[in-house]
Amino acid sequence: VQLQASGGGLVQAGGSLRLSCAASGPTFNSYVVGWFRQAPGKERQFLAVISGTSGVAYYADAVKGRFTISRDNVQKTVDLQMNSLKSEDTALYYCAARRGSSLTASRYDFWGQGTQVTVSS
């Protein structure tokens, strides 16, 4: 599966952005999709993951209650709605896919190219 992330940009603190991950390839619904981010000088951080068919989602504590992950298996997209953004949310955001859920970036097989989110305070 190939992934392409989009939707990043510059937003003021307290604002919102919606990221989208578009997939190509067959059997998209057999893949779990996660969102990660990486700030300069820091490790890649897990944010949220959504299952392939049931839509069950899991969030990192840092974004729980502010970010919402969703997917559309017909359109082959996975979105990340980000609300109440903070300056510490500034990072390069990636979507990734694998068969079977994981919170660990190194276990994901397919990655999008990343989209930059910058939150100004």
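Predicted model: local features only at pLDDT ≥ 70, side-chain atom pairs only at ≥ 80, totals over all residues.
Residues are numbered from 1 along each chain as its sequence is written, and side-chain values use heavy atoms, with hydrogens and water left out.

**Setting of Thr77**
- Thr77 is placed in strand β8 (residues 77-82), strands being DSSP runs (E, at least two residues) numbered from the N terminus.
- Leaving aside residues up to four places away in sequence, Thr77 is in contact (heavy atoms within 4.5 Å) with Ser20, Cys21, Ala22, Phe28, Ser70, Arg71 and Asp72.

**Salt bridges around Asp89**
- Four salt bridges are counted, each being a side-chain nitrogen of Lys or Arg within 4 Å of a carboxyl oxygen of Asp or Glu.
- One of them joins the side chains of Arg37 and Asp89 (2.8 Å, N to O), linking strand β4 (residues 32-38) with the loop between β8 and β9 (91-98), 52 residues apart.
- Arg66 and Asp89 also meet in a salt bridge (2.8 Å, N to O), and salt bridges that share partners join Arg37, Arg66 and Asp89 into one network.
- Arg37 is buried at 7% relative accessibility, Arg66 is buried at 11%, and Asp89 is buried at 1%.

**Lys64 and Asp61**
- The side chains of Lys64 and Asp61 form a salt bridge (3.2 Å, N to O), with Lys64 partly exposed at 48% relative accessibility and Asp61 exposed at 67%.

Note on methods:
Helix = DSSP H or I, 4+ residues; strand = E, 2+ residues; numbered from the N terminus. Buried < 20%, exposed > 50% of the residue type's maximum accessible area, 1.4 Å probe, protein only.
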